[in-house]
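Welcome! Please take a moment to look over the sequence and the model below, and then we can walk through them together.

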Amino acid sequence: MPIYDQAYKPWEGAFVTKPGTWWVIARTGVRTVWQKWLILLLIFSSFPFAVRAVQIYLNSRIGGDSQFESIAKQLEIHGGFFEGFLKGQGFMLVLVLVIAGAGLIARDRESRALSLYFSRPVEFRDYVGGKFLILAFYAGLITLVPALLLFVIQLFLTGDASFFREFYWIPFSILGAFAVSVAVLGGMMLAVSAAAGSRSAAVVFFAVLWFPEIIRNILSRIPAAGYFSVGANLRQILSVFFGTERPYDFSTAGAAGALAVYLGISLAVLRLRIRPTEVIR
Amino acid sequence: MILEAAQLSKWYGPVIGVNNLSFTIGPGVTGFLGPNGAGKSTLLKLMTGQLRPSKGTVRIDSRPVWNNPGINTHLGYCPEQDAFWRFLTGWEFVHGLTRMYGFAESEACERARSAIQTVDMEAHAARRIGGYSKGMRQRIKLAQAIAHDPDVLFLDEPLNGMDPVGRRETIRLIRGMGRSGKTVVVSSHILHEVEEMTDTILLINHGRQLAHGNIFEIRELIDTHPLKVTIRCDRVNVLTSKLMEFDDVLSVEFDREKGQLTVETNRPGEFHKRLPRIVLDHDIRIHSLWSPDENLEAVFDYLVR
């Protein structure tokens, strides 16, 4: 049909809609981030996972051998083993969050696309929820999934139900630790992405994480200084999940409160910065 | 669907963006007309629920627009500024945004394809938006606004940057939507563009409503507006004396240094018919002729006065 013969033709199909715009945002975002080779490299070259898997294997081989008692003790699999794995993945987690998250909101703001999102039946919680799921997906690939996989490997190699009877709570602890870490760090990454430009978001995020850590180290004689550090608070909470010794002297409830404050600030920043229309005064 | 604004105001600190507007818009095409900075875009953002009114309300079929995302299912919005992820292809852009209305994958695909076809962008849909021309970007923006077949469509300066063919097609599309019973609001600062789309306009300047209604009535006001015409020519004295003989010529300003005169007439049509005859009869050579008043801002200034 020639162009000049075309006119507007109303849609003749039914208007069938399904709720859940957050899901569309999340799915599109996951696909877009998947195209970044660096993030795939980080996810699929998980050295700590391989080391821990070898540890599980060795433990299953020499665990009951009295000849190697001292080595077997070091290789023992318990809550601390999984906590150690998650802590070890901390830096990787931050890297993945930065690569996946720095531009998530910043690019929408820079390209003025927020007005397009919010001219649709999209609410603030859909938008933020969708973006958060993108981060949770990639964070899960380097923390939650390998940690659960290690647990399954251990179950298989134990050969009986004794390990499961004793440590059945570990998957829940992994899930809880993952949820807290990703909620706080992911929330902060989104807030930084909303507040800074896509190019500077990574630097700002590192600064927000490590500047308080430096202060905590300088004021190491004052236990309460630990509340300023996101990392210290997370490590303190992780020890609760896995029933291990607390790494710091400050209160665990205080650490939980500090993390809640960080999360609250992140949400406030998101509320402030995610608006369909930028008002320039 | 009926769009209703009641005592609508928006101010940013001491700056007033929109000042106490009240109007009702029904199905068909309505043009928001005003010079740059008049408050058209602010008004569109208020009407699409993207800005919170400082005072007053906007309702669509009696339902408030602000803080009511559910109503967006019935709205389509094409912003003035480019709002793109430049790394996406045209297809990904339209399809992704159509999915956000909650359509199933297959239906979203069908609607996106239909919208892209309507704006004649099928041939370029697989290319990245970053490589599009301004006119193509306008078309793909239009596609995302119409893909879900909205009942109310807001188009902010939709013809900006389009080539003549694109303009003609887009005007045809907008008129077609109006005829099919949709409520279409088009903002523009170019009078003749709006005239081609609709007879109903809302004139805005400095955030205030100057007139709302039939374009011909407003046009009459414009036609009786005294018009200034500046002429650069030789034999300036002769032309000045000849022009002064006519009643409709209210004043003539003479600038010897520049060799030009500025005439103010309250019957521009007659003046323009008469001028060639005078020039020919007295062998006057005209170097240039223009009217500093023939723009919307001048008309708006007049209407404000």
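## A first tour of the model

In chain B, 66% of the contacts with a separation of 6 or more are between residues 24 or more positions apart. Please keep in mind that this is a predicted model.

Let us stay with chain B for a while. Chain B has 10 helices and 14 strands, and 43% of its 305 residues are buried. Along the principal axes, its C-alpha atoms fill a box of roughly 75 × 45 × 35 Å.

| Domain of chain B | Residues |
|---|---|
| domain 1 | 3–213 |
| domain 2 | 224–304 |

Taken over C-alpha atoms, the centres of domain 1 and domain 2 of chain B are separated by 40 Å.

Now for a helix to find in the picture: α4 of chain B, residues 134–146. With 13 residues at 1.5 Å a residue, α4(B) should span 18 Å, and its end C-alpha atoms are 19 Å apart, which agrees. Among the buried residues are Arg137(B), Arg139(B) and Lys141(B), along with Ile140(B), Leu142(B) and Ala143(B). The buried residues of α4(B) pack against several elements of chain B, including α2 (90–99), α3 (105–118) and α5 (164–179), and also against α8 of chain A.

Ala143(B), together with Leu97(A), Leu135(A) and Val94(B), touches the most other members of the largest nonpolar core, which has 135 residues. Helix α12 of chain A (residues 170–195) gives the largest share of this core, 13 residues. A second, separate core has eight residues, including Val229(B), Leu239(B), Leu243(B) and Val249(B).

Finally, look at where the two chains meet. Here 30 residues of chain A are in contact with 38 residues of chain B. On the side of chain A that touches chain B, the elements giving two or more residues are α1 (21–34) and α8 (114–117) of chain A. The largest share, three residues, comes from α1(A). By type, the residues on this side of chain A are 15 nonpolar, nine polar and six charged.

How values were computed. Residues are numbered from 1 along each chain as its sequence is written. Chains are lettered from A and ligands numbered from 1 in the order in which they are written. This is a predicted model: local features need pLDDT of at least 70, side-chain atom pairs count only at pLDDT 80 or more; totals for chains, interfaces and linings use all residues. A nonpolar core is a set of buried Ala, Val, Leu, Ile, Met, Phe, Trp, Tyr and Cys residues joined through C-beta atoms within 7 Å. A residue is buried if 20 or more other C-beta atoms lie within 10 Å of its own, exposed if 12 or fewer, and partly exposed in between; C-beta atoms are placed from the backbone. Helices (H or I, at least four residues) and strands (E, at least two) are DSSP runs, numbered from the N terminus. Domain bounds come from an automatic or database domain assignment. Two residues are in contact if their C-beta atoms, placed from the backbone, lie within 7 Å. Ala, Val, Leu, Ile, Met, Phe, Trp, Tyr, Cys and Pro count as nonpolar, Asp, Glu, Lys and Arg as charged, and the others, Gly among them, as polar. The expected span of a helix is 1.5 Å times one less than its number of residues.
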